[in-house]
Amino acid sequence: MASLLSLPSTTPIRTSVVLHHPSSLFKGNVRNLKTKQRSFPSLTIQLKNQVGNSRPLVILNQASPSPSALPLPNVRFRLDNLGPQPGSRKKAKRKGRGISAGQGGSCGFGMRGQKSRSGPGVRKGFEGGQMPLYRRLPKLRGIAGGMHAGLPKFVPVNLKDIEAAGFQEGEEVSLDSLKKKGLINPSGRERTLPLKILGDGELSVKLNLKARAFSASAKEKLEASGCSLTVLPGRKKWVKPSVAKNLARAEEYFAKKRAAAASVDPSFST
């Protein structure tokens, strides 16, 4: 061994031997592994040359650095090195692949029946041909039954709102004046609804109120305070010409009856 290793210099030679770990079957993310420094003892070998002088040969063992400790190169993203984040993609459930797959052999739909077959199944509310629940229950009136009777017919305004709007003595209160004051702002279907005065609150000034309807309490308070009330006519409901003709004839007939009764008995009142 001394003939093979000839050391011409008198200084000791320090040789660094790097030990590489063999390749393993680890398939995880190497960057998540923490690096640990391993210390290996150094070996000192006494070598003799042809002269007979002994020279120390020191061999230092050093663990190879982990890939996570190496600086990442500045690699540009391309289509061949793109990939999803770890944990962001999951494998789909393999249903109907046998009981060992964890989802059963029939995917949880059972073995027989119409609902276990392929296709759309049955519609919602279908009970096999018998009278369904939504037809067994009676119809509901108003908004609960989806009918027009439950929808509002007026734009309501209370007396306290009119008082807070700051109307002066003798001014007119109507749907247009309330819109100008910003008291009401009807939108959608409410733009075609008439005005109705309600009796919540008190009114301290005399006003001229024009509305389609007045509640009983509002009418009583307004008349007591000396306000003038004007009931606006409503929009006539359309009827067939034959029905309108019969209504006109009936109104004419009853008008003659009332006039004849009033001529016989002056105390008769309608």
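Hi everyone, let me start with the ground rules. The model is predicted, so local features need pLDDT of at least 70 and side-chain atom pairs count only at pLDDT 80 or more, while totals for chains, interfaces and linings use all residues. Residues are numbered from 1 along each chain as its sequence is written, and side-chain values use heavy atoms, with hydrogens and water left out.

First, the layout. The chain has five helices and nine strands; here helices (H or I, at least four residues) and strands (E, at least two) are DSSP runs, numbered from the N terminus. Reading from the N terminus, the order is β-β-β-α-β-α-β-α-β-β-β-α-β-α. Of the 270 residues, 14% count as buried, where buried means under 20% relative accessible area, exposed over 50%, and partly exposed in between, with a 1.4 Å probe and protein chains only. The chain exposes about 22,800 Å², and carbon and sulfur atoms supply 55% of that; accessible areas come from the Shrake-Rupley method with a 1.4 Å probe, and for residues only the protein chains shown count as cover. As for contacts (heavy atoms within 4.5 Å), among those between residues at least 6 apart in sequence, 45% join residues at least 24 apart.

Now to the sheets. Two strands pair if DSSP finds at least two bridges between them. Strand β7, residues 208–211, pairs with β9 over four bridges in the parallel sense, and L209 has L229 in β9 as its bridge partner.

Another open sheet of three strands has the order β4-β6-β8, again with parallel pairing. Its edge strands are β4 and β8 (213–214), each pairing on one side only. Between β4 and β6 there are four bridges, in the parallel sense.

Let's stop at one residue here: is N158 buried or exposed? It is buried, at 17% relative accessibility. N158 lies in strand β4, residues 155–158, and its bridge partner in β6 is L198. Leaving aside neighbours within four places in sequence, N158 is in contact with L198, G199 and D200.

S174 is another buried residue, at 12% relative accessibility. You'll find S174 in the loop between β5 and α3 (175–181), touching L195 and K210 once residues up to four places away in sequence are set aside.

On to the core. In soluble globular proteins, nonpolar side chains tend to be buried together. A nonpolar core, for us, is a set of buried Ala, Val, Leu, Ile, Met, Phe, Trp, Tyr and Cys residues joined through side-chain atoms within 4.5 Å. The largest one has 20 residues, and those with the most contacts inside it are I162, V173, L178, I197, L207, L209 and L222. The elements giving two or more residues to this core are β4, α2 (159–165), β6 (195–198), β7 and α4 (216–225). Not counting residues up to four places away in sequence, I162 touches V157, F167, V173, L183, I197, L203, L207 and L209.

Finally, charges. How many salt bridges does a search of the whole structure find? There are seven, a salt bridge being a side-chain nitrogen of Lys or Arg within 4 Å of a carboxyl oxygen of Asp or Glu.

D200 and K160 form one, with the closest N and O atoms 3.3 Å apart. This pair links distant parts of the chain, with D200 in the loop between β6 and β7 and K160 in helix α2, 40 residues apart. Both are partly exposed: D200 at 40% and K160 at 43%.

E252 and K256 meet in another salt bridge, at 3.9 Å from N to O. These two are four residues apart in helix α5 (residues 241–264), so about one helical turn separates them. E252 is partly exposed at 47%, whereas K256 is exposed at 57%.

The last pair for today is D80 with R78, again with the closest N and O atoms 3.3 Å apart. D80 is exposed at 61%, and R78 is partly exposed at 45%.
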